[in-house]
Amino acid sequence: YWALGLCVGFTGPLQTLIEAPSCGMNLSGESSLGKTLAEVMAAMVWGNPHTGKAGFFGMNTTPNAIEDLAVRSSGTVLCLDEIGQMNRPQDLSSALFNLSSGTGKVRKSGGGLGLVDTAEFRVFVLLSNEHSLKDTIESAGGKYKTGLSVRFPDVDVTGGVTVSAEMLAKLDHAKTNFGHMGPLFVHYLIEEGWINRVDDLKRMVSLVADEIAGRDAAPATIRAAQVFASTRVAGELAVDAGLIEGGMVPNPRHIKEERKGKRTKDTVGEVTILGKRAVRRAVREAFKRFKGSVEGEMTKGTESMLDGLRSYIERNMGRTIIPAKDAADGGYRDVLGWYASTHVIFAKDAISDVSVLGLRGKVAGLLDALDDIGALEKSGKNRAHNSLPAEVDIDGSGNKRVPNYRIARVALGV
């Protein structure tokens, strides 16, 4: 997982290029397993890896401060150590969902000056704690949702390999020489034309995610796999850039030939292959541990789709889902639906592709899941209503002829 941490350090620029939402991982497990060192390796790619410097911070802070750190670390990496020390750990769930949205909360500027502009950011977050996110949030009285599993999957590092004191000393020495690899990686992406091949990068991440998730994986599992896929693709590009070498995997032949001064191009090629092999192995093992965890199990089946919908609704009330009383207000953009005290109403055509809700799968599958829990209010035998309810008047004229789906808030739990 130290190799994983190093790869995480290079993920920010890729994330920015492909316009992927903010996301991350949580390294969990007992103390003294090297979780913090993995964060140090990620942070040192961009700057000073000591606590409180560059992108490495302790978690004894507030949600607002975390948002500020995300803005500061946008496009790079944000490492938050010991999340259990957060001032109000029960707020961790909402803080992480806010991070994944990529926009900050709207705040007053003070002195009657009105609202300040909301902050925007795109950042990869590496967290650490002795306990998983689920246990940390629930033990503090908060509510854990499957949406966190796909945005910030948990990786239990228990049972890692034992490393010699000599290797630990070398890794610790890295704290004295930092901040070079990130800018060099960006230079490589520019020089090699990757900044003009965004579609290729997106395709690479998508293919790797499908490979990692495996055949017939649930939509939520595939979404979680995208977090790991971005890390792997970024790590492999860093290998191509010469920033991660095969030293991550001991190669006796390389060592022997280098000592004799016989290092050849073929040998260099072998080192590169070994470097990518190490990246893939680290990411594969991390995903395996996530998939076998309680959080990983929660990404399987229809519950994961429902939880994703809950998360989307809660994050977007007042944004793409607006109050029913404001339906005729032209100041809102990209409106998908409306909400009243008892229901959320989606325009049928607006969610014909559920990816607009951050979900994967088909709208029929979402409706099946809603129907199963009694949250889908039907019109007779039909799932969709032909006309809007009385409380939604979209143009002030009384026109109601908009096919729509109606979801009972209490039944869904929003």
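Residues are classed as buried under 20% relative accessible area, as exposed over 50% and as partly exposed in between (1.4 Å probe, protein chains only). The structure is a predicted model, in which local features need pLDDT of at least 70 and side-chain atom pairs count only at pLDDT 80 or more, whereas totals for chains, interfaces and linings use all residues. Residues are numbered from 1 along each chain as its sequence is written, and side-chain values use heavy atoms, with hydrogens and water left out.

Secondary structure elements are DSSP runs, numbered from the N terminus: helices (H or I) have at least four residues and strands (E) at least two. Two strands are taken to pair if DSSP finds at least two bridges between them.

With these criteria, strand E10 (residues 404-408) is mostly covered, five of its five residues being buried. Both faces of E10 are covered: Asn404, Arg406 and Ala408 are buried on one side, and Tyr405 and Ile407 are buried on the other. E10 belongs to an open sheet of five strands with mixed pairing, in the order E6-E7-E8-E10-E9. Strand E6 (321-323) and strand E9 (376-377) are the edge strands of this sheet, each pairing on one side only. E10 pairs in the antiparallel sense with strand E8 (residues 343-347) over five bridges, and Ala347 has Asn404 in E10 as its bridge partner. The pairing of E9 with E10 is also antiparallel and comprises two bridges; here Leu376 stands opposite Ile407 in E10. By contrast, E6 and strand E7 (residues 337-339) run parallel and are joined by three bridges, with Gly337 in E7 as the bridge partner of Ile321.

A further open sheet of five strands has the order E2-E3-E4-E1-E5, with parallel pairing. Its edge strands, each pairing on one side only, are strand E2 (56-58) and strand E5 (154-156). Neighbouring strands of this sheet are turned by 20 degrees against each other on average, direction ignored. Such angles run from 0 to 180 degrees between N-to-C directions, the axes being lines fitted to C-alpha atoms, for helices over the stretch in contact. Strand E1 (residues 23-28) and strand E4 (residues 124-129) form a parallel pair over six bridges, in which Asn129 of E4 is the bridge partner of Ser28.

Two helices pack on this sheet, contact being defined as heavy atoms within 4.5 Å. Helix H3 (residues 35-43) touches E1, E2, strand E3 (77-81) and E4, and its direction makes about 160 degrees with that of E3. Helix H4 (residues 63-72) touches E2 and E3, with an angle of about 145 degrees between its direction and that of E3.

Val186, Ile190 and Ile195 make a nonpolar surface patch of about 210 Å². Patches are made of residues with over 30% relative accessible area and no salt bridge, like charges being joined within 9 Å and nonpolar side chains (Val, Leu, Ile, Met, Phe, Trp, Tyr) within 5 Å. A salt bridge is a side-chain nitrogen of Lys or Arg within 4 Å of a carboxyl oxygen of Asp or Glu. Ile190 is found in helix H9 (residues 181-191) and counts as partly exposed because its relative accessibility is 45%.

How values were computed: Areas by Shrake-Rupley, 256 points an atom, 1.4 Å probe, with all protein chains shown as cover.
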